[in-house]
Amino acid sequence: MGRRDHGADHRQTRELLGPYVLGALEPGEEREVERHLEACAGCRKEERGLRETHERLAGAAVAGAAAPPHLKDRVLAALPPQEGQALPVGESERTRLLRLVAPVAAALLVAVALAAYYGGIFGPAETAALKPTGLAPGAGGEVEIERAPAATEAELEVWGLPQTGPNEYYELWFGREEGRVSAGTFTVDDEGHGRLSTACPKVAAGDYHRVGVTLERFPEEPRRDAAKVVLGGELQGS
Amino acid sequence: MAGASDEVLIRRVAESGDGRAMSELYDRYGGLVHGAGMRYLGDRGLAEDLVQDVFFAVWRSAAGFDPSRASFSTWMHRVTRNRATDLARRRRARVRTVAPTSPLPEPGEGDVAEEILRGFEVVGVLSALSPAHREVLVLAYFGGLSQREISTHTDTPLGTVKSRTTAALRAARKHLLDERREDDPKARGPEDG
């Protein structure tokens, strides 16, 4: 093979290596590429690199191919609308219709929310500033809870907490004289920062005003009498 | 919208509650989150709960995403891992009197966790490619289209699709190697320059 022929093969092969590793070439093209690869170390090295990338893409495609088709609409339809903002768009006609009427729906929701608030259906939001204990000096946090019979939700943000070890996690609690209820678990990032958005229906009916964050360790069951409290505070009405 | 990076999409969600941006993020990551749920939790219902929890958290916490601290895919993976840990703990509490038929991996640990993390990295890298490169790879890998079908679908000559596929794989490889170097400076190999 002359230098010119090799150069033409080389350029063509390098352009076809992508579909080659995908197994997407015509048989004749594939044979040409394989013939060139036998003689060209540079293209063999390039082919190995692209094949590795191909395998990672193929692996991600397999891992991400399992979601049932109906789930998207369900997930997006369940997201709480935000004032003046459009709802997420699913694939169904129902969701498309929701998107089209979102501005009207948002205005209606605002009106309904205001009416409900002043009508006493929902309680006002309560917040608590969380102070550290000796187990996590320098840490802090805030929690906001909106009590409603059907959808009491808590939003927690913490900072400066030590990272958890293997099998360790933090747990958010709401407490009263008679006991406490769990509102969810979380871990923190490398900088000790964490967030938790959680539904806590049990808190809606009770007079839970104390808030605490504890460090827990699986598989041990959380125990109130041996709780490692890292943050604590009292809910205040806003 | 399909041409925007993950970081642009999450900023739109944070700034204006952009539903189309949220829908696009679901298209990119919903399958991976569900797949992670099946691997970690071993239950289709819990996997769907995980998807619901994760996208609820993304919707509510979008303003807290800081692109200077981590890529969106890394953040998304962290949210998924934390929510899966929570659901796994609740599942154990519910079924602790029943012996499991086979042990499930702990979220965040082991080979399965590594495999799931790599899936998120790949989707994050796709988001960082040019729209033309991302399109050809998404159609080939996630859409299952042949090169000829991509040519028809995008109204692009077949030869261009083939060379573009190669260029897109090359660009994806470069991003993946860059990410690996950022994660571990010692990972730089001789062929990585």
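Trainee: In this predicted model, which strand of chain A pairs with strand β4 (residues 168–176) of chain A over eight bridges?

Mentor: The pairing over eight bridges runs in the antiparallel sense. Within this pairing, A:Trp173 stands opposite A:Gly212. The partner of β4(A) is strand β7 (residues 210–217) of chain A.

Trainee: Over how many bridges do β4(A) and strand β5 (residues 179–186) of chain A pair?

Mentor: β4(A) and β5(A) form a hairpin, with two residues between them. In this pairing A:Leu172 stands opposite A:Gly184. The two strands pair in the antiparallel sense, and the number of bridges is seven.

Trainee: Is the crossing of α1(B) and α2(B) left-handed or right-handed?

Mentor: The crossing concerns two helices whose axes come within 8 Å. Its hand is left-handed.

Trainee: How many residues of the contact of α1(B) with α2(B) are charged?

Mentor: From α1(B), B:Asp6, B:Leu9, B:Ile10, B:Arg12 and B:Val13 take part, meeting B:Ala21, B:Met22, B:Glu24, B:Leu25 and B:Arg28 of α2(B). Six residues of this contact are nonpolar and none is polar. The number that are charged is four.

Key: Residues numbered from 1 in each chain as written. Chains lettered and ligands numbered in written order. Predicted model: local features only at pLDDT ≥ 70, side-chain atom pairs only at ≥ 80, totals over all residues. Pairing = 2+ DSSP bridges. Helix = DSSP H or I, 4+ residues; strand = E, 2+ residues; numbered from the N terminus. Axes fitted to C-alpha atoms, helices over the stretch in contact; angles between N-to-C directions. Left-handed = near helix turned anticlockwise from the far one by under 90°. Contact = placed C-beta atoms within 7 Å. Nonpolar A, V, L, I, M, F, W, Y, C, P; charged D, E, K, R; others polar.
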